[in-house]
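User: Could you walk me through this structure? I am new to it and would like to start with its inner spaces and a few of its residues.

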Amino acid sequence: MKTTRAIARQLFGAKYESIRKSLLAACILFFALYAAGWELEIAPSILYLTTFCFSADVMRQLLTGRRCGERMEGFFVLPFENRSLVYSYAAALGAHTLLTKTLLLWAAFFSAAAWSFLEIVTAFLCGCAACGVTAVSYLMCRKRKLVLPLCWGAGILIVILFVPSSAAVLAAALASLAAAAVCLYFASAWDFYSFAAAAKKTIHRKGRTGNVFLYLARYLTANKSYLVNTAGLWGIAVFLPLLFGGFQGLDLLPFGFAILCLNTPLCTLLSGDPDLEQALRVLPGQPGRFCRQYSLFLFAVNGFAAAVYLCSWQLIRGEIGLWDVGIAALFALLGAVFSVLLEWKFPIRDWKTESDLWRHPRKYLVPLFLLLLAAFLGIWR
Amino acid sequence: MKEEKLLSIDKLSVWYAADRPVLSDFSIDLEANEVVGLIGLNGAGKTTFIKTAAGLLEGYRLERAVWNGQPFSFRDREFKRNRYIVFAEDSSFPYFTFREYLDYAASSYGVPLPDVSELVRGFHFEAYTDVLLKELSTGSRKKASLIAAFGLRPSLLLLDEPVNGLDFQSTEFLYRLIGGYKEYGTVLFSSHILESICLTSDRVMVLEKGRIGRVFAGREIAAENIREALSAYEND
């Protein structure tokens, strides 16, 4: 228990402030949506699938995050009981995932539709199972055992999507949770700690110029999850035109540009690297020097996503003109400039995990502004 | 004619929490072309002062700040372009190599790229100049920061615990660099290692209870004198 509490305090804060904030946010979200009177027909499988995939992704981010790795170092320095540390670590990260992230998702779902007690319990257990399965899969992947985690995940998804029974999903979730607990029983706490960085071969580079573009490109390619997120956005750009059906009197094209500016990892470069932020504030002339090039880099990334989206729109719906290209460039530029401005003026501080950083409410400010602009342009056009 | 001071700060108070100032009525004068050591016990406020001078902290007030005879603020562009800071711990620009970082820093300061080959040799840093900074050890990262600092030659160098993490040879080389920097500008460095303070400083300031308690100069700078002053403060 002591170990769990120690890890939990690092994740939630000394007085578990994160839990209180999350509960408050969930209550506000729930009652706001409930009061809005939205009633949707949502299939239980959608709830289970979303819960499972979302929780698994957040848990994966926590396990692979740099800060969690640094936390583990602190525990390894002290004498520890292996099984206790393994279970405590997995439980604390799982609790953080469910209480600070998945809880908001549940608040949205539960306010929008009526659910039975069985379905709510099943959703909760899907979340728990996702955290357990992800923890075990992480350990297996570290040992290059990829087949079993893939089959395990696929098996759960098949049950969720193709078995029309909440009881079956509940049973699958319980069985997965039990299996994860058994696997963790035999796991070593050291397997959670990443030694990979120390083992890499040192590369001597030929560059002599301090080019910010090059710096950002290296930053992007060195962090695989950032690269995946960016590529994912470009992938979404291909399918976005399919989601936008015909709306009378509203041009939906600009909404896609706004959504594609939501590249959180790249737009929180300074918040995510406090040492870099400190150095940029100490060196002279950085608002102009670094921030200008950072904006251009983001403009290039957003612009590429917008270009993919435009091409896809042209193929699916047609009627792309110069005006639309101009709007795409405008949104890409505004998204880049405002993101950098927010990072410079209002960096996110005191975050405990990369997940907290990536899901901070501030990340929605720029897309929200751009969505409003898109709505205005959509109506005006 | 009275020589103008390089930097004068009067009655600086700095706090992280409003009811608990770390520095209180802290005043310091720095002449041009001198080496000043700042020593104090853990938590005395050495790093806090350097971070304030870097413009990183907002919780402060002061009565007067003068740079080269002109009032200034820590975030003024002119002041920034004439000072360089080496922090005790610094993991910035992890995706630059040292050479790329030096080029970037020189452009930021608006100076030509300096020739640091002698500094690189002196710190035995030849094997690391083209390696990403994130792949360097703590000591090597410190060397990279120090080479950039001494290579850029600003009017004022602020060094926070510069000896930390350095090997023996590099430490000796650093002492020589600090002593020789008077030709180019002023060095203010904080340390809790008496040897580094005594070997290199023209003046030593003892930081205690949020302000400069005693100043040693010339022949007064001796380990036993400073140790005695620190012990007296510890027992207060």
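This is a predicted model: local features need pLDDT of at least 70, side-chain atom pairs count only at pLDDT 80 or more; totals for chains, interfaces and linings use all residues.

User: Which domains does the assignment give for chain A?
Analyst: Domain bounds here come from an automatic or database domain assignment. The contact between the two takes 16 residues from domain 1 of chain A and eleven residues from domain 2 of chain A, where contact means heavy atoms within 4.5 Å. Their C-alpha centres lie 28 Å apart. The assignment for chain A gives domain 1 (2–196) and domain 2 (212–380).

User: Which helix gives the largest share of the lining of the second largest pocket?
Analyst: On a 1 Å grid over the protein atoms alone, a pocket is an open set of points with protein on both sides within 12 Å along at least five of seven lines, a cavity is a set where a 1.4 Å probe fits but cannot get out, and lining residues have an atom within 4 Å of a point. Helices (H or I, at least four residues) and strands (E, at least two) are DSSP runs, numbered from the N terminus. Helix H2 (17–36), helix H5 (82–112) and helix H18 (354–358) of chain A each supply at least two lining residues. The largest share, five residues, comes from H2(A).

User: Which residues lie nearest the centre of the largest cavity?
Analyst: The largest cavity holds about 190 Å³ of space. Helix H15 (274–282) of chain A and, from chain B, strand S7 (83–86), helix H3 (98–109) and helix H5 (138–152) each supply at least two lining residues. Of the 17 lining residues, those nearest the centre are Tyr84(B), Asp90(B), Ser92(B), Tyr101(B) and Ser145(B).

User: Which residues touch the most other members of the largest nonpolar core?
Analyst: A nonpolar core is a set of buried Ala, Val, Leu, Ile, Met, Phe, Trp, Tyr and Cys residues joined through side-chain atoms within 4.5 Å. Buried means under 20% relative accessible area, exposed over 50%, and partly exposed in between (1.4 Å probe, protein chains only). Of the 78 residues in the largest core, the ones touching the most other members are Tyr84(B), Phe93(B), Phe98(B) and Phe150(B).

User: Is Phe192(A) buried or exposed?
Analyst: Phe192(A) lies in the loop between helix H8 (166–185) and helix H9 (196–199) of chain A. Beyond four places in sequence, Phe192(A) touches several residues, including Leu63(A), Met72(A), Tyr89(A) and Leu184(A). Because its relative accessibility is 3%, Phe192(A) counts as buried.

User: And Phe168(B), is it buried or exposed?
Analyst: Phe168(B) lies in helix H6 (residues 168–180) of chain B. Since its relative accessibility is 63%, Phe168(B) counts as exposed.

User: What is the phi of Asn68(B)?
Analyst: Asn68(B) sits in the loop between strand S5 (64–67) and strand S6 (70–71) of chain B. With a relative accessible area of 39%, Asn68(B) is partly exposed. Although Asn68(B) is not a glycine, its phi is positive, at about 50°.

Technical notes. Residues are numbered from 1 along each chain as its sequence is written. Chains are lettered from A and ligands numbered from 1 in the order in which they are written. Side-chain values use heavy atoms; hydrogens and water are left out. Grid points are joined across faces, edges and corners, and a volume is the space filled by probe spheres set on the points.
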